[in-house]
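Thanks for coming. Please have the structure open.

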Amino acid sequence: MFISMKDPKAMSSAATTPPSVDKVDGFSRKSVRKARQKRAQSSSQFRSQDKPIELVQLPLLKDVSAQEQPELFLKKVQQCCTLFDFMDTLSDLKMKEYKRSTLNELVDYVTVSRGYLTEQTYPEVVKMVSYNIFRTLPPSDSNEFDPEEDEPTLEASWPHLQLVYEFFIRFLESQEFQPSIAKKYIDQKFVLQLLELFDSEDPRERDCLKTVLHRIYGKFLGLRAFIRKQINNIFLCFVYETEHFNGVAELLEILGSIINGFALPLKAEHKQFLVKVLLPLHTVRSLSLFHAQLAYCIVQFLEKDPTLTEPVIRGLLKFWPKTCSQKEVMFLGELEEILDVIEPTQFVKIQEPLFKLIARCVSSPHFQVAERALYYWNNEYIMSLIEENSSVILPIMFASLYRISKEHWNPAISALIYNVLKAFMEMNSALFDELAASYKSDRQRERKKDKEREDLWRKLEELELRRGIQNSDGVIPTY
Amino acid sequence: MAGADSDDSLYPIAVLIDELRNEDVQLRLNSIKKLSTIALALGVERTRTELLPFLTDTIYDEDEVLLALAEQLGNFTMLVGGPEYVHCLLPPLESLATVEETVVRDKAVESLRKISHEHSPVDLEVHFEPLVKRLASGDWFTSRTSACGLFSVCYPRVSSTVKAEIRQHFRTLCSDDTPMVRRAAASKLGEFAKVLELEYVKSDIISLFTALASDEQDSVRLLAVEAGVSIATLLPQEDLEALVMPTLRQAAEDKSWRVRYMVADKFSDLQKAVGPEITKNDLVPAFQNLLKDCEAEVRAAAANKVKEFCENLPEDSRETIIMTHILPCVKELVSDTNQHVKSALASVIMGLSTILGKDNTIEHLLPLFLAQLKDECPEVRLNIISNLDCVNEVIGIRQLSQSLLPAIVELAEDAKWRVRLAIIEYMPLLAGQLGVEFFDEKLNSLCMAWLVDHVYAIREAATCNLMKLVEKFGAEWAQNTIVPKVLGMANDPNYLHRMTTLFCINALSEACGQEITTKHMLPVVLKMSNDQVANVRFNVAKSLQKIGPVLDSNCLQTEVKPVLEKLASDLDIDVKYFAQEAISVLALA
């Protein structure tokens, strides 16, 4: 993450735990991971004010006549631009409560009222929303924040913030809302700031942002390309620069429905997005946090345009996890989702590299990986594809299956392999027998090839050595 | 090198290329790592005409393979026939510089920078500069990002028309519409400014700097801060105020804490770059603000710089500035709510005493040291203790010893073993400064208590600590205070403690010398060879091997040898093994 602090976790609770606990047994507490307290934090830009805040209490909207309401509404919106320090739980209690009830009143008002949305309302509403929600997000509390294990830091000013978001969503959804007027205020700069907020650690806020962005994308046609481009940039920065952004899952969720609405044939821009942005997202360490949404987006693309199957599967093969078995299981899950919708003509194009990989997975020493791959044989559609192409697939798979059926440490895997072999035998018994017969000689041939390779390299090195001696002037780099 | 070796034909390029195409990534990777061998086998001519075109055409491999390739090509100049032909390496590196994966791209740029120096000025203009231009106007952000790192290496050696083009390209990239490219440009701005003529620094760089420093993304703005420091070092003093200071002032008050953090982090460099006058007028108030920042991250970064900042203040006004402006902020930080801030401060605050001198230290700093020694966070206390030497020089450690002791004792018994470990490591230093008397009276018992700690790492560190103490206080002191206690543990009912005796003997024998070892330690070790626990017995064998060189040969033959021979026929396999090893090492067979 951004700032490296020295080992904060190691030092943090030393002073608060009674020494006696550790003295008894140095290992006792390791098993009980101390639940981190839920903490709240507030915006980074907030600098504490010295004087208490005073707002003039305005009458309720329902207590004034219909003509006076729009003006009073505006006044209330303006009042809500005032910000309070929620880290200080004791200050301005009365005014905080007043703002809260005012916001509540505004939410109700925009939901039921008609005719309040005059042209001058737009800038005021956008200004109030901007004042409240746009802020520099504070530094993440721990440097190794693990969203799966650690509790997120919650936004302290949520009691107000929530109502502001709700008000804004109702405003956007209101029947009288006119994008043609609003676009003067809800512009690119506004959207950019909105997107930055998706990095908020507070899941409640990200959820509200998701709805807001979705509405804006739906109503402002002029902003669509811009929004997509900025999401692109966020993802690229996430994949190649920081590996840190809290709102990836939410943004992907919005994209899922955006992709759904793409017109056919797909534009080059969208295909590029799939290949150069969505596929590389698979490489990120925290994939598990947004994998479901990502896989959904990928499958959406393939349902739109089946010819993309080959580049997608080749992309997955390129980014296939080398060491992380958990991720490998996720990849296998996604691959099955893709195979579920694959067209037979596309399947044929990709079957060779694909089944080389699957052969590697079924023989993985990690039984969850092997098991996940072997489950493909329970999928009727995949089975039918394999059957149609058994003459290609069986030779690729045979050696791995045959070897593993005897060697795998996990009996459940051996049993599954046995079933797969049996299925293959039933599919194409002639080929199966042939492969079984040549298994031994094939292995020998492989070993011979390995030996030849070694010989080749050895000879090359000798040659290099001889040249090195001849050319005593040049230093020859060897790696 | 066309010496037509008959065996050249044995390795047609097809075979080698076959290896580079192997299905197994690991094998491809191995081949790429041996690329120089392949090139050597082919000779320079075929490397240029066959191998390089092949590599250029087939760049679609796994990132790991590409990374190895990018690195190799940086060292390939001799293999393609020397500087005359170095430009042959450009096409494959150009493709690698456009790859998505950052590490590959960065390595390709690194290699390009490396071989750029091997180009003649003409080749630079004919081959290298056009490549930079192509990258700078690439479609996808990756190639433009890579281009940013290449401008500065070719600029100094090309003609003025080409220079003008390069400046234009850099300008374009600074206002690129993807933030990734702007970030890359911002991070190379300082480097580029250094190779530019001063007039262009003023006319071009300053406006780019100002624009990047007010970018809409804070990740771009913060990179501009670093560039600002480099630019400030290039400009004459009289231009600084007008050209860079407004922007830097604005950065120090940026609404994003990341930018303010960067300013705090680079504060010492900035101070050196702008000189004493601006420091006095601008940086002092800015530094005060950073020390009082609302984000702990920023305060901690600023706190880290307190000593360096004060040290580099102009001498004539140093003390006044520290006393009236800096010290009040420091005092507040001592009781900061965030432990990282306090601990950052604690790691440098002691350094202020040398700057402020004895009287000020006693009057103003001492109360702060004492407060930090009582801080609830162990890291703060440790940081104070680890820097005691600075204070020792100025006021002597005695001023602190009354508060020091409780702090040390508390850390010595801290529940976290890492904290205990850290304090043990400072013991020799403390012992040296507090003197043997104070040590014997107050700290010796702690050192002995660590020997029976329930964490092995602590017992091990405690043993090592004893050795350092003996080196400091001498063998006689060891014999009187430590050795009896250590040897006493040989009769402990806990076998771990009995082993600690052996470990201590291993560590101490050399420092204590032959006499003490032979007279006092050896008998105990030999007696322990009858221990009922096998671990103790094989550690006896190890100990004998260790202390053997300190003993005389007579003693080895008459006392050590029989015991080792007995252990060599022990029932336990490990005891046997180590006994035999000791016999052979000590040449007693």
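B:Asp215 is buried, because its relative accessible area is 10%, and the cut-off for buried is under 20%. This is a predicted model, so keep that in mind throughout. Where does B:Asp215 sit in chain B? In the loop between helix H12 (198–213) and helix H13 (218–234).

Which side chain does the side chain of B:Asp215 make a polar contact with? That of B:Arg182, at 2.5 Å. A polar atom of the B:Asp215 side chain also lies 2.8 Å from the backbone nitrogen of B:Gln217. If we set aside neighbours within four places in sequence, the residues in contact with B:Asp215 are B:Arg182, B:Val220 and B:Arg221.

Next, the core. The largest nonpolar core has 363 residues, and the members touching the most others are A:Ile216, A:Phe235, A:Leu278, A:Trp377 and A:Phe424. Helix H17 of chain B, residues 267–291, gives the largest share of this core, with 11 residues. Another core, of seven residues, lies apart from it; A:Ile53, A:Phe84, A:Met95 and A:Tyr98 are among them.

Back to A:Trp377. Beyond four places in sequence, its contacts include A:Phe355, A:Met383, A:Val420 and A:Phe424.

Last, confidence. Chain A has an average pLDDT of 83, and 84% of its residues score at least 70. Residues 1–38 of chain A stay under 50, although the model has 61 contacts for them beyond four places in sequence. Residues 472–479 of chain A are also below 50, with 11 contacts beyond near neighbours in sequence. Where pLDDT is low, predicted coordinates should not be read in detail.

Notes
Residues numbered from 1 in each chain as written. Chains lettered and ligands numbered in written order. Predicted model: local features only at pLDDT ≥ 70, side-chain atom pairs only at ≥ 80, totals over all residues. Heavy atoms only, no water. Core = buried A, V, L, I, M, F, W, Y, C linked by side-chain atoms within 4.5 Å. Buried < 20%, exposed > 50% of the residue type's maximum accessible area, 1.4 Å probe, protein only. Helix = DSSP H or I, 4+ residues; strand = E, 2+ residues; numbered from the N terminus. Contact = heavy atoms within 4.5 Å. pLDDT = per-residue confidence, 0-100. Polar contact = N/O pair within 3.5 Å; in protein donor to acceptor, adjacent residues only side chain to side chain.
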